[in-house]
Amino acid sequence: MADLTASLAGRLRIDRVWLLVLALPFLVALIDPLQAKETVRFAIGAFSKTGMFILFAVLAVGILKATGAEVLLAKAFEGREVRMIVLAALLGGLSPFCSCEVIPFIAALLSVGAPLSAVMAFWLSSPLMDPAMFLITAGTLGMPFAVAKTVSAVGMGLLGGMVVRLFFQSPVFADPLRPQSRTSGCGCGPSPFNGTPEWRFWRERKRREVFRSAVVENALFLGKWLMLAYMIEALMLAYVPAELIAGILGGEGVVPVLLGAIVGAPAYLNGYAAVPLVDALLTQGMAPGAAMSFVLAGGVSSIPAAIAVWALVKPRVFAGYLGIALLGALIAGLAWGMIA
């Protein structure tokens, strides 16, 4: 009877993000009925404009998982240390790993002796960019911003890897692992395939099932966060004075970029949801450099990405991870502010 009750409860359980997406217009309608309608209209319109990018994104992730191409990432952690750092930063910024998948992957690498410098390079670049993130960022904020963020993600990985390599024997990075590292996940799970990738995945039933499951799960994941973000974007445009944003995060120089990184670190919940929010902030006067530092510092310190690091290493290494992220976000924000 208990098992039956638990099963029914699991089936009836509604995702809290979807619940908020459904409830938000009704909550707004209690205060401003016209704005509630405008919020829904704005969200649907924005979602339809990025629909093509979302479709490409979920199909790309599905193909990567179904073919087993993720196993190629392990080769980045072989050979000389500098080579490992460079490849880890590049692959971290381009891989389809979600933050939860990083935990078992990195735990396995650390357990077999992969250097912390290469692991740190992957850790820093991985949550900042992936194929889905690139397409959605390009569709909303423009291709130049998406390319700049990708370059910044790889650069942050290189920065972290080289810093750890130089100071590996320091009190911060020496003996980095927790005595008993725990692993947890968000349901995305590691790749079920090992060995050589099978590019013609449609020939095997198991790979077809993985493809279908990955496409559905990622479509729902992106859909819920983007719909919520578009609704919040509509409310920000309606109720947050542009002068306030421009006064705090606008202008030139180091201060707006630094504030963008400081605000982004604790305020960031999801990289996909951040894209429309940054678009709204830019519309209201946020400086381009501050926008870049916001998405970079926030992406690395977001809850899923931070848990992936906290679960495996000691607090002092985690503090080093956050410090490198803040420095990298500041550098990238200043650079983008001069270019944009």
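What share of the 340 residues in the chain is buried? Buried residues make up 46% of the chain, where buried means under 20% relative accessible area, exposed over 50% and partly exposed in between (1.4 Å probe, protein chains only). The model is predicted, so local features need pLDDT of at least 70 and side-chain atom pairs count only at pLDDT 80 or more, while totals for chains, interfaces and linings use all residues. Residues are numbered from 1 along each chain as its sequence is written, and side-chain values use heavy atoms, with hydrogens and water left out.

**Figure 1. The whole chain.** The chain has 16 helices and zero strands; these are DSSP runs, numbered from the N terminus (helices: H or I, at least four residues; strands: E, at least two). Among the contacts with a separation of 6 or more, 83% join residues 24 or more positions apart. Contact means heavy atoms within 4.5 Å.

**Figure 2. Helices α7 and α9.** Two packed helices are described by the angle between their axes and the distance between the axes. The axes of α7 (residues 116-125) and α9 (residues 143-166) cross at roughly 155° and come within 7 Å. Axes are lines fitted to C-alpha atoms, for helices over the stretch in contact, and angles run from 0 to 180 degrees between N-to-C directions. The crossing angle makes α7 roughly antiparallel to α9 (under 35 degrees is roughly parallel, over 145 roughly antiparallel, 65 to 115 roughly perpendicular, the rest oblique). The contact of α7 with α9 has eight nonpolar residues, five polar and one charged. Here Ala, Val, Leu, Ile, Met, Phe, Trp, Tyr, Cys and Pro count as nonpolar, Asp, Glu, Lys and Arg as charged, and the others, Gly among them, as polar.

**Figure 3. Helices α4 and α10.** The axes of α4 (residues 51-67) and α10 come within 8 Å and cross at roughly 145°. This crossing is right-handed. On the α4 side the contact includes I54, A57 and V58, and on the α10 side it includes F211, L222 and L226. The residues of this contact divide into 14 nonpolar, three polar and two charged.

**Figure 4. The largest nonpolar core.** This core has 81 residues, of which W123, L124, M156, L222, M292, L296 and Y321 touch the most other members. A nonpolar core is a set of buried Ala, Val, Leu, Ile, Met, Phe, Trp, Tyr and Cys residues joined through side-chain atoms within 4.5 Å. Helix α10 (residues 205-239) gives the most to the core, with 11 residues. Not counting residues up to four places away in sequence, L222 touches I54, A57, V58, A132, I136 and Y272.

**Figure 5. G333 in helix α16.** G333 lies in α16 (residues 315-339) and is buried, with a relative accessible area of 0%. The C-alpha atoms of G333 and S293 are 4.7 Å apart, although the two residues are 40 apart in sequence. Leaving aside neighbours within four places in sequence, G333 is in contact with V257, G289, M292 and S293.

**Figure 6. G251 in a loop.** G251 is in the loop between α11 (242-249) and α12 (254-267). G251 counts as exposed because its relative accessibility is 54%.

Notes:
A crossing is left-handed if the near helix is turned anticlockwise from the far one by less than a right angle, and right-handed if clockwise.
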